[in-house]
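Good morning, and thank you for joining this group meeting. I would ask you to look at the structure on the screen while I speak.

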Amino acid sequence: MTFHAKFSGYADPALHAAGLYIGGKWQSGSGITVLDPSTGNLLAEVADPSIEDAQRAVDAADAAAAGWRATPARQRSEILRRWYQLMTQHAEELATLIVLENGKALADARGEVAYAAEFFRWYAEEATRIPGEFRHTPSGSHNILVDHEPIGIAVLITPWNFPAAMATRKIGPALAAGCTVILKPASETPLTAYAMARLGEEAGVPPGVVNVLTTSNPGGITNAMLADPRVRKLSFTGSTGVGRVLLAEAAKSVVSCSMELGGNAPFIVFDDADLEAALDGAMIAKMRNAGEACTAANRFYVQAGIHDAFVAGLTARMKSLKLGPGYDPETQCGPMITQNAVRKIDRLVSEALAAGARATTGGKPLTENGYFYPPTVLENVPVNASIAREEIFGPVAPVYKFESDDEAIRLANNTEYGLAAYIYSRDLKRAMKVGKRIETGMLGINRGLMSDPAAPFGGVKQSGLGREGGVTGILEFMEPKYFAVDY
Ligand code: NAP
């Protein structure tokens, strides 16, 4: 990996001195350019592997598999724990790398590193608690013993929006379960993944247990790995569109899939909500990562009695945010990941405005250098606008007015997605009643933030399959084996 001289002072050189990581060996190269979204300038160049490199990565994961599987759980746990400690120790350098390649504000990047490291700590603990089962058959004919075994080599594909956390949320449980892995980070943000792999090496992860490669040919490389019968797991986080393609590809060799896909989260505010709390929650649910989060509130449904006050409060807060490069410590809203992302947001907002919406702040992309879109609030948005159906993935808050609980539920469920939802009400009974009818994998009640390594993260409908984190996350990387036992 070559790091552009202009940026080399930002992060610990020891963390970014390498490229492809296969079988414990680093291989630098070129072919994939990493840009600084604040300026569009070249940040670094990393190797672009061939299909043969991907096959070498599977070979390496295979060569390490038996040893890692046989490593006592306590030892696996201690390696993960050391990795957690090293991430914590290097938090500032990792946060800087995230800011540089992803663009998010430094405070968001620091939050991500803490969240990401926590997956290693959590799964260091879970590694030693892998459950089994013993039962009597109803007929009394024999006993049922259920063991959980590591599923095998896992391919992990992650997006650019949380370059550290999406990787640790997969590597943590996979390693705890006894699997070896090949991580393919997004091509926009490979630097953080390589830096973490460096720390993993230092923590004692044996060669071949974790392999990392970025590619400009994700389809070709992934298909080659999925076609290899030694690969038994695909864990993917990204868009629903790519998820569908990968599910079809994995079907060819019947590979087990966990899918963390897109979202279109409704944020429902009832008349009886605590307005200030709802506004605080709205800012977190909308503006963490400048709106580039799968759990980001995408549709604000606000009851008629509180609607105008909510729009006024949200507009004031969004207007006051400082836009700028993530590495400026005063920045609260960084750039979008690419110019294409800005174009998509612009299309959604322009269509909504043409259909009768009104921007109370923002509403147009900025024309200076970098990929900036300003914090925007839209009111009077038609409920069938594209912006209500598609993921915005940016700092835009469309607000819709509703009258009754039933109407809020109908609007909230009117989407193919079902990842996250939010409800604000002082009446917990009402919130729970409505919450039970919302089609979602996760629900924040009077909270704008729900992600927690100890909780099961995932969606229903076309937002995904399976759960990451929590006590069940490790089972995504294990197969139950049933022993029929007579004695
Ligand atoms: P994306 O375009 O689907 O890409 C995600 C990953 O898939 C990247 O590593 C990408 O590689 C790779 N990829 C693309 N095409 C592929 C193919 N044909 N075969 C194999 N891999 C392929 O998504 P994104 O734009 O990076 O991320 C944003 C999306 O992720 C949003 O929809 C968001 O909601 C979702 N997301 C979901 C969660 C969740 O937990 N549910 C969390 C975070 C993000 P390249 O970078 O090389 O294209």
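Between domain 1 and domain 2, the count is 1 salt bridge. Please keep in mind that this is a predicted model. Which side chains meet in a salt bridge at 3.7 Å, N to O? They are those of Arg244 and Glu416.

Which elements give two or more residues to the side of domain 1 that touches domain 2? They are strand E4 (31–36) and the helices H3 (91–102), H4 (106–126) and H8 (240–252). Of that side, H3 provides the largest share, with 4 residues.

Let me now turn to the domains themselves. The domain assignment places 3–261 + 464–485 in domain 1, and 265–452 in domain 2. Their contact involves 27 residues from domain 1 and 28 residues from domain 2. Their C-alpha centres are 30 Å apart.

The size of an interface is often expressed as the accessible area lost when the parts come together. Here, about 2100 Å² is buried between domain 1 and domain 2, and carbon and sulfur atoms give 59% of that area. Pro37, Ser38 and Trp160 supply 23% of what domain 1 buries against domain 2, more than any other three residues.

Finally, I come to a sheet. Three strands form an open, antiparallel sheet in the order E6-E7-E21. Its edge strands, E6 (133–136) and E21 (478–485), each pair on one side only. From one strand to the next, the twist averages 25°. Strand E7 (residues 143–150) pairs with E21 over 8 bridges, and Asp147 stands opposite Lys481 in E21.

Technical notes
Residues numbered from 1 in each chain as written. Predicted model: local features only at pLDDT ≥ 70, side-chain atom pairs only at ≥ 80, totals over all residues. Heavy atoms only, no water. Pairing = 2+ DSSP bridges. Axes fitted to C-alpha atoms, helices over the stretch in contact; angles between N-to-C directions. Domains from an automatic or database assignment. Contact = heavy atoms within 4.5 Å. Buried area = accessible area lost by both parts, 1.4 Å probe. Salt bridge = Lys/Arg side-chain N within 4 Å of Asp/Glu carboxyl O.
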